[in-house]
Amino acid sequence: MDVLKNWKIHIIALILAIISELIGVKKIPVGPGVLLFLPMLYAMILGGIISWPKLKMIKAGEMKHATSVLSLLTLILVTKLGVIIGPSLNKVAEAGFALSIQELGHFLGTVVLGLPIAIALGLGRESVGATFSIDREPNIAIIAEKYGLDSAEGRGVMAIYICGTVFGAIWIGLIAGFLAAMHIFHPYALAMGSGVGSGSMMAAATGAIATVFPEQKEQILMYAGASNLLTTIVGIYFCLFVSLPITNYLYKRLSPILSPNRLKKGGASQ
Amino acid sequence: MNQRETVLTFLVAGLIAAIVCMVGYAVPVWDALIGCGILVFITLLGIWLAKIIPGKLPMVFWVSILAILSSTPISPVADFVKEYTTKVDFLAICTVVLSYAGLTVGKDIVMFKKMSWRIIVVALAVYTGTFICATFIAEIMLHLEGII
């Protein structure tokens with residue numbers, strides 16, 4: 001029994017979660033917004049420190065076990081959001097059109113902001129794999145099948161995946177809290193934006209927004225849950241049939257403009 | 001993971017979530033245990049459905065469908081599900097999930113340290129882009145629809 005063999009990891013997770021909850025929410029005003037530190041962020045950071053290979057506190061096998069536990073655990077979050085959506089299903093349906101259209105922002109937002117920056121920084125075909133999606137497990141599968149993970153595209157998708165594991169949730173939690181505190185966007189819009197299709201990133205963003213607007217917490221969780229569900233389920237097909245071809249097309253068009261030196265050196269394919 | 005393993009994992013995780021609810025959110029012991037128990041039960045049932053129903057739809061789909069259906073007004077158990085699951089704070093589950101997420105970071109840190117700053121900038125742009133673009137479109141759409 002892996003669960004019993006790896007009891008240490010569960011005890012550590014419990015202790016980390018409790019310590020983090022006891023520290024509680026901390027707010028640091030920065031410029032027009034607020035840096036919001038939620039218990040889940042401490043839990044993530046403390047966990048990261050404990051799992052640091054040099055400290056040798058956790059073995060590689062135990063980390064592997066934590067990874068498989070994690071993919072199951074995010075489903076409990078999905079269930080929690082589902083039982084919030086259920087009682088107000090008609091409200092979610094009312095916003096159905098808005099929910100569907102904003103998904104375009106989830107799917108194409110990575111390309112719109114990421115691709116030009118990636119090309120301008122001198123990344124080659126890596127930029128296609130890196131920016132065609134949010135690069136979680138299902139997206140890796142798409143790139144693996146089309147190009148193989150040894151390709152430039154494969155290196156791109158894996159690099160962003162690793163960044164996502166290391167600091168994705170922390171980053172997106174902080175920008176979500178910051179934007180929410182600035183009051184430019186309506187909490188419902190921010191909630192929909194939080195449904196990025198990765199369990200831990202969605203949790204961090206939604207938690208931050210719900211903490212800034214506690215009186216609308218239920219609706220925020222409801223819209224975030226519905227949006228995340230759409231992103232996850234439609235995502236695989238959209239990324240494969242729409243996002244990837246668009247990213248490839250834009251890469252061809254933007255490379256000569258944003259990275260002309262690369263072409264001169266004859267390294268456009270690399 | 002085999003089935004027994006999956007069930008056991010969820011029982012352990014559910015128990016941890018319940019303890020965090022009691023300690024961090026002052027939820028009474030039985031409310032926390034029953035609330036987390038319901039969440040675990042629905043999740044396991046959803047995973048099982050995903051395995052036995054043909055069509056290869058992802059687990060997230062079946063888990064969501066079950067969770068939503070169990071709590072809609074037409075469900076006979078809606079009141080029970082709603083009463084206890086509202087006591088389990090979303091943020092408490094988040095803390096537990098991210099504790100495990102943190103504990104997986106170590107296996108990627110060696111690769112991460114080899115990465116150039118360029119790819120880190122690109123990663124930040126990718127995450128920011130997906131969140132802000134969707135929020136922006138949602139804001140416009142919700143206004144057009146007259147919801148906000």
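This report describes the fold and layout of chain B in a predicted model.

## Basis

Local features need pLDDT of at least 70 and side-chain atom pairs count only at pLDDT 80 or more, while totals for chains, interfaces and linings use all residues. Residues are numbered from 1 along each chain as its sequence is written, and chains are lettered from A and ligands numbered from 1 in the order in which they are written.

## Helices and annotated segments

Chain B holds seven helices and zero strands, in the order α-α-α-α-α-α-α along the sequence. Helices (H or I, at least four residues) and strands (E, at least two) are DSSP runs, numbered from the N terminus.

An unreviewed UniProt entry lists residues 7–26, 32–50, 57–78, 90–110 and 117–138 of chain B as "transmembrane region"; such annotations may be inferred rather than shown by experiment. Residues 57–78 of chain B are 64% helix and 0% strand, with end C-alpha atoms 25 Å apart. Residues 117–138 of chain B are 100% helix and 0% strand, and there the end C-alpha atoms are 32 Å apart.

## Domains and overall dimensions

Chain B is split into domain 1 (3–106) and domain 2 (115–148), with bounds from an automatic or database domain assignment. The C-alpha centres of these two domains of chain B are 28 Å apart.

Along the principal axes, the C-alpha atoms of chain B fill a box of roughly 50 × 45 × 40 Å.
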